[in-house]
Amino acid sequence: MNLLKSLPVKFTTYRLSAAIVLLVIGLVVTLILSLSQGAVPLSFPEMWQAIARQGDPLKQTIVWDLRLPRIVAALTVGAALGMSGALLQGMLRNSLADPFILGISAGAGLIVILMVVLQVFTGFIPVAAWLGAIVTSTIVIFLGRSPTGIAVERLILAGVAISSLFGSVQSTLLLLAEDGQIQVALNWLIGSLNGRGWRELITTAPYIIAALVAGCLLAKSVNVLALGDDLAVGLGVSLVRSRLLIGAVATLLAAGAVSISGLIGFVGLVVPHGVRLMVGNDHRFVLPLSALAGAWLLVFADLLSRLGAVELPVGSVTALLGSPLFIWLLYRRSSSGIGS
């Protein structure tokens, strides 16, 4: 009898270990390929020499000033979007929620387009996008309040309404903009890591790392909220405080990602689904593994974007990868009977 009771625990541990090993191996292999492949392919000996600051100075510049900061940016943005999506899906009990459901994309995109079209403070676009995303999310959370606290349905509807409103303003501004301005704005709206360097990372990465740690510490609260409001209240959990904390951390993660790369979709939507298929619904495991899987997915997407004759925006690649992958995950979940 004791053996039978221990089987589920052993099986969960096995699944968790297998998921971690699989993700770490995939990430390491992808990192090596990302450092060595690109417009100027490097052999593995050349790559290791450049990392060690030895050999051809040009190859050292390619690795340290071009590829390495871009890869670190992909790791940071992917981890932020992956955990942000997992936090919001758990908090809202909605498997279709993603980091931009609170109007993050709408607020950041509107601020960027305004600055590009009006040609004001264009050097501060990353900071402005971050602030715009946070302010818009705050407005959505305020609109999502109800007499008894923050209502999930009101929160989602407020996010959709604000996103639609800001989206229409964005479209109008783009129609009035010049061709060169449209190209700059589209680079942000589609999402790109091209040209991202150490400066952007030094500005934003510390806040993202702090938010990632805070997100992991909120795993217990997300688990309780996922059980339903009535049960959460019965367990003595404050719904308003928990949702505000989780929403604030998720917003900081997504806004920080936006300030580095622009609007990259599907990572926060697809990654938590895949992680839950591997390890179940316990957010003590889902949250950190979503960060790890998001980091791997974005590094992989960025690698693919640089392999062709013409470099693609990484946001386009994540959309091309994410759409069929999301359909496949939905099919897997429905056929295996796994709930959200």
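Where is the place of Gln119?

Author: Gln119 is found in the loop between α4 and α5, where helices (DSSP runs of H or I with at least four residues) and strands (runs of E with at least two) are numbered from the N terminus. The model is a predicted one, in which local features need pLDDT of at least 70 and side-chain atom pairs count only at pLDDT 80 or more, while totals for chains, interfaces and linings use all residues. Residues are numbered from 1 along each chain as its sequence is written, and side-chain values use heavy atoms, with hydrogens and water left out.

The backbone at Gln119 has a phi near 55 degrees, a positive value in a residue other than glycine. Arg53, which is not a glycine either, also has a positive phi, of about 60 degrees, and it is found in the loop between α2 (44–51) and α3. The side chain of Arg53 lies over the face of Trp64, at 4.4 Å from the ring centre; a charge sits over a ring if NZ of Lys or CZ of Arg is within 6 Å of the ring centre and within 35 degrees of the ring normal. Arg196 is placed over the face of Trp188, at 5.3 Å from the ring centre.

Two packed helices are described by the angle between their axes and the distance between the axes. Helix α4 (residues 104–118) packs with α6 at an angle of about 20 degrees, their axes being 9 Å apart; axes here are lines fitted to C-alpha atoms, for helices over the stretch in contact, and angles run from 0 to 180 degrees between N-to-C directions. That angle makes α4 roughly parallel to α6, since angles under 35 degrees count as roughly parallel, over 145 as roughly antiparallel, 65 to 115 as roughly perpendicular and the rest as oblique. The crossing of α4 and α6 is left-handed, a word used if the near helix is turned anticlockwise from the far one by less than a right angle, with right-handed used if it is turned clockwise.

Helix α6 (residues 152–176) has 25 residues and reaches 37 Å from its first C-alpha to its last, close to the 36 Å expected, where the expected span is 1.5 Å times one less than the number of residues. The buried residues of α6 include Val152, Leu155, Ile156, Phe166 and Leu174; buried means under 20% relative accessible area, exposed over 50% and partly exposed in between, with a 1.4 Å probe and protein chains only. Leu174 has a relative accessible area of 18%, so it is buried, and its C-alpha is 9.3 Å from that of Leu186, twelve residues apart in sequence.

The structure holds two aromatic pairs; rings of Phe, Tyr and Trp (its six-membered ring) pair if their centres lie within 6.5 Å, and planes under 30 degrees apart count as stacked, over 60 as edge-to-face and the rest as tilted. The rings of Trp130 and Tyr207 have their centres 6.2 Å apart and their planes at 40 degrees, so this pair is tilted. Because Trp130 lies in helix α5 (residues 125–143) and Tyr207 in helix α8 (residues 198–217), the pair ties together parts that are 77 residues apart in sequence. Trp130 counts as partly exposed at 23% relative accessibility, whereas Tyr207, at 57%, counts as exposed. The other pair, Trp296 and Phe300, is stacked, with 5.5 Å centre to centre and 10 degrees between the planes. These two residues both lie in helix α13 (residues 283–305), four residues apart, about one turn of the helix.

Helix α8 also packs with α3 at an angle of about 30 degrees, their axes being 10 Å apart, which makes the two roughly parallel; α3 passes α8 in a left-handed crossing. The axes of helix α3 (residues 57–92) and helix α11 (residues 239–261) come within 8 Å and cross at roughly 150 degrees, and α3 and α11 are therefore roughly antiparallel to each other. Gly82 lies in helix α3 and, at 0% relative accessibility, counts as buried.
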